[in-house]
Protein chains: 2
Amino acid sequence: METNELVELEQIQAVLEDLIQQRHWTGLKHYCIELDSVVLADSLRHISTQDQALIFRLLPRDFGITTFEYLDIDSQTKLIKGLGQSQVAALLNEMSPDDRTALLEDLPGPVVKQLVDLLSPTERQIAQTLLGYPENSVGRVMTPDYITVRPEWTIVQSLDYIRTHGHDKESLDVIYVVDELGKLVDDIRINQVLTVPVTTFISDLMNDSFVALIVTDDKEDAATKFRRYDRTSLPVCDSDGFLVGIVTADDVIDIVAETDTRDIQQLGGVEALDDPYMQTPFWVMLQKRARWLIVLFIGEMLTATAMGFFQHEISKAVVLALFIPLIISSGGNSGSQASTLIVRAMALGELKNADWTKVLKRELLSGLALGSILGVIGFTRVVFVSGFTKLYGPHWLEIAITVGAALLGVVTWGTISGSMLPFILRKFNADPASSSAPFVATIVDVTGLIIYFSVAAIILHGTLL
Amino acid sequence: METNELVELEQIQAVLEDLIQQRHWTGLKHYCIELDSVVLADSLRHISTQDQALIFRLLPRDFGITTFEYLDIDSQTKLIKGLGQSQVAALLNEMSPDDRTALLEDLPGPVVKQLVDLLSPTERQIAQTLLGYPENSVGRVMTPDYITVRPEWTIVQSLDYIRTHGHDKESLDVIYVVDELGKLVDDIRINQVLTVPVTTFISDLMNDSFVALIVTDDKEDAATKFRRYDRTSLPVCDSDGFLVGIVTADDVIDIVAETDTRDIQQLGGVEALDDPYMQTPFWVMLQKRARWLIVLFIGEMLTATAMGFFQHEISKAVVLALFIPLIISSGGNSGSQASTLIVRAMALGELKNADWTKVLKRELLSGLALGSILGVIGFTRVVFVSGFTKLYGPHWLEIAITVGAALLGVVTWGTISGSMLPFILRKFNADPASSSAPFVATIVDVTGLIIYFSVAAIILHGTLL
C-alpha cells in the first residue's frame, strides 16, 4: 500500500464512523456499496468489531461475502462473534471453501464444531472433508469449485453444462475431463473449448497428458509444481486418481510468500512467527525469540570454555586479544554467506543431496580465495598501523602474519562448514533453513578461536609465546 | 523434484543419447513426442547443445516451442546459437511474448538486435515495445495475449469474437472490456460470460470497478497487488488508462520467489546472485561474496581499534577477554533476529515508516526481556564454574555481575539497533534488506565491546581494575 492509499483508507474509515454516529443507515449502505470490496475490507481493519458488525448487517449478501473474504483471519474471527447466528450461517455457507478452511483451521475446536453445524448439509460435508486433510497439505488449500466434463460430450453440451453449473466456480481457465467414475483423465484450457466448432467432441481436444497434485502432498510441493509447469491452476487428485479439487495460483502466491517468510525468519535465528509481526502477541514473540537465543547462547558459552584454555597465551601476549572479534566475525560472515546460498538453492530445488561433492569443491575454492583476500587486508592493516604507532609492539610483523594466516584458515573453515551443514542437516531429515545460519555462526566462533590460537602458537613461538 | 523423478530424467537422457548415437531419427522423434514437454525440457538440461539442436530440428513445431519455453534461459541462449536461422525465427515468432522478453533481456545488445530482426513485423513490434519498458517493470513481464470485448456487444458476439481471436491467448479466465479508444473500463470473469443467456449485453455484466497494474510499476508492486486481491490475472494499463497487456499469476509466483531469493541472499550478506547457485560462474559469485565480506571486514576492523583502547584493562584482568566472543555474539544474534523480523514485515507491506515508534516500544521491551534472560544465564554460568574451579579468580562474583549486566546492555542495544536500522535505511531510500542484518552485526560488535568494558570499569573498579 502506498501512502496516498493509506490516507484514502483513513478518510473512508472516518466517513464510515461518522455515518454510524449519525445513525444514517441508508447513507452508510450506499457509501459502502460504492466502494471496492477490498478497499472496504481494508478500511474496516481499524474500526471496532461492533461497528463492523453493524456495517455487515447492512451490506447486500454477495457484496458482504466478498468483503468478508478479504478481511484477515483475525478480523474474521472477531466479527463472527459479533454477528447474529443467521448472518454467520449465511456468510459461512457462501464463502469459497478454501477461504473458509483457512478461517476454520485458525479457530479453537469447539468453535469450529459450532460453526460447522451452521452449514448446510452439502457445505458441511465439504468443510469437514477439507478439514480432514493434514495440516499444510494441498487438501487444506484446495477448493472443490471446478467444472468437470466427459470425453463423449460435445462442446455444445459442455457449454450448456457450464452455463448451469459454472456460476460460482473459482476459476474456469481450465476445465477437467473425468471418466464415468470421476477419475481425472485430462485437463483442457477454456480457450481450446471456446475456439473450436461447437460440434467438436471433448475427446478430440484431449491429449491424455496432464499434471496433477496429490491431495496429501505438502503445499510447498504444490508451489514447486506451479513454478515448474507455469500454470494458473492445477487439479488435485486422491491417491487413486479421483479428482477432488483444484488449487489456483493466487493461493500459491500466498503459500510461496508464507514459506519464504518462515525460511527468512529461521535464517535470522527466530522461530517462524506464523502471524504478521504486529499481530503476534508480545509473549508469543518473546518465547519464539528467547528459545533460539538461549540455544545459541549455550552454544556460544563454549567460546568462553575455549578461551579459558588460552588464558595463559592471552596474558603473555595481550595484543592477541585485540583481534579476536575481527577474526571470529569474519569466520561467521563467510559461514553465513555460504549457508544462506546453499539453503536457498535447496529450497528452490536447485541442489540435491548428491550435489554435495560439487558444492564442497566449489566452496573450498571460494573459501581459500575469500580467506586470502581478507588475510591480505588484515596483514596490511597490522603492518600499516605499526608504521605509525607502537600499539602492536616490537613483534608486529609476526603478529601481522598470525592475523593474516588465521583469517585464511578461519574464513576457509567458515565457508566449508557453512556450505556443508545444510547437507548434513538434510541427511538427518532436519529442515536446513531452521538451523543452518545460527548453528554455523556458533560452530565457526568456537573453532575459529582454536584456529587463531593454534596459528599464533606456531608463529609466535619463541618470540611472544 | 524428488529422487525418483531425477532417476527418471537420467534414464530419459540416456535413451535420448543412445538414439542419437544410433542415428535413429524416427525413433528419436517418436520417443520425444510421447514425453511431456516439461519432462523433455528437464532431460535436455545435461545433453550437449549440439544434440539438443538435433532433437529440436525433429520436433513438431508446437511441441518444440512449448519445450523450448520450459528450458531455462541459459539453455535457451546456447540453443539459439546452435540452431539454424529459420528455426530460430520460427521459435521466436511463436514463443509467448513474456517468455521471449525474459530470454531477450538476458542477451547482449547486438544479439538482441539480430534476433529481433528475425521476427515478423507484428511480433517485432511487440518485442520492441516490451523491451522498451524499464527493467524490473510490469511491462517486462506482461503479455499482450488477452481478449477484449466492447460494452455494447452481446454474449453471442463476444463468444464469436473469442472463437476467432482466442486461440493463442495466455489466459481466458478474465476478459477485458474496453471503450472505443481502447481504454479499460471493466474486467469480467469468463464464468460470468458463460453462465448468462447468450443475448445478454456485456454492459449488463459490468460493475465499473476493476483493479489494474500500471505498466511502469515495479514488478514487486504487481506481486503485492496479486496478494491483496487474490487474482489469477490482472490487466496492465499505461498512464492514460489504455489496456496494454495482462500479467498472469504463474509469472507472479516466479517474481515472488525471485524477490525473496534476493532478500534472503542480502540478509545473508551476499549480493544477490541473480542466477541459480550452480549456474553462477565462479568468478561472478566470488566477486559478489568478496565485495560484502570486505565491507564487513573493514567495519569489523573498528573492533580491533576499540579493543586497542581497552588493552590496559585486559592486561590487568585477562579474565575479561574470555567473555568477549560470548558477549558480542549475543548482541549480534539478538540484533539479527530483530532486523530480520522487521525487514521481512516491511517487504510484506506490514510495516509503514510511521510505525517506527510502535516498533521501538515493542523492541525495547523485547530487548530488556531477552537481555535479562541471557544475563541471568551468563551470571549463573560464571557463579557455577567458580564453584568448581579457580578459573575466574577471587573476584568471581564481581565478574559474574559484570557479565550479566553487560549481556543485558548488549542484547537490549542489539535488539533496538537491529529493529531501527531498517527504518533509518528506508528513510534514506536505501533497500532495508540489502544491508540491515550484516550492518547490524558490525555496529553491535563495536558498541558491544564498549558497553562490556564500560560496565567492567564501573563494577570492577577498585578490585580488578
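## Helices α8 and α10 of chain B

In this predicted model, helix α8 (residues 97–104) and helix α10 (residues 121–132) of chain B cross at roughly 60 degrees, and their axes come within 10 Å. That angle makes α8(B) oblique to α10(B). The crossing of the pair is right-handed.

Which residues make the contact? From α8(B) come B:P97, B:R100, B:T101 and B:L104. From α10(B) come B:I126, B:A127, B:L130 and B:L131. Sorted by class, the contact of α8(B) with α10(B) holds six nonpolar residues, one polar and one charged.

## The sheet of chain B

Chain B has an open sheet of three strands, in the order β4-β5-β6. Its pairing is mixed. Strands β4 (213–214) and β6 (243–248) of chain B stand at the edges. Each has a single partner strand, so one side of each is left without a neighbour in the sheet.

Strand β5 (residues 233–237) of chain B runs antiparallel to β6(B), and five bridges join the two. Within this pairing, B:L234 has B:V247 in β6(B) as its bridge partner. A helix also packs on the sheet: α16 (residues 249–267) of chain B touches β5 and β6 of chain B. The direction of α16(B) makes about 65 degrees with that of β6(B).

## Domains of chain A

Chain A is divided into three parts: domain 1 (3–136), domain 2 (148–257) and domain 3 (277–459). How far apart do the C-alpha centres of domain 1 and domain 3 of chain A lie? The distance between these centres is 51 Å.

## The sheet of chain A

An open sheet in chain A has three strands, ordered β1-β2-β3, with mixed pairing. The edge positions belong to β1 (148–149) and β3 (184–189) of chain A. Each of these has a single partner strand, so one side of each lacks a neighbour in the sheet.

β1(A) runs parallel to strand β2 (residues 174–178) of chain A. Two bridges join them. Take A:V149: its bridge partner in β2(A) is A:V177.

## Where the chains meet

How many residues of chain B are in contact with chain A? The count is 99 residues of chain B, in contact with 99 residues of chain A. On the side of chain B that touches chain A, 54 residues are nonpolar, 25 are polar and 20 are charged.

One helix pair spans the two chains. Helix α16 (residues 249–267) of chain A packs with helix α19 (residues 324–347) of chain B. Their axes are 9 Å apart, at an angle of about 160 degrees. The two helices are therefore roughly antiparallel to each other. The crossing of α16(A) and α19(B) is right-handed. On the α16(A) side, the contact residues are A:T261, A:I264 and A:Q265. They meet B:T340, B:L341 and B:R344 in α19(B). By class, the contact of α16(A) with α19(B) comprises two nonpolar residues, three polar and one charged.

Note on methods
Residues numbered from 1 in each chain as written. Chains lettered and ligands numbered in written order. Predicted model: local features only at pLDDT ≥ 70, side-chain atom pairs only at ≥ 80, totals over all residues. Axes fitted to C-alpha atoms, helices over the stretch in contact; angles between N-to-C directions. Helix = DSSP H or I, 4+ residues; strand = E, 2+ residues; numbered from the N terminus. Parallel < 35°, antiparallel > 145°, perpendicular 65-115°, else oblique. Left-handed = near helix turned anticlockwise from the far one by under 90°. Contact = placed C-beta atoms within 7 Å. Nonpolar A, V, L, I, M, F, W, Y, C, P; charged D, E, K, R; others polar. Pairing = 2+ DSSP bridges. Domains from an automatic or database assignment.
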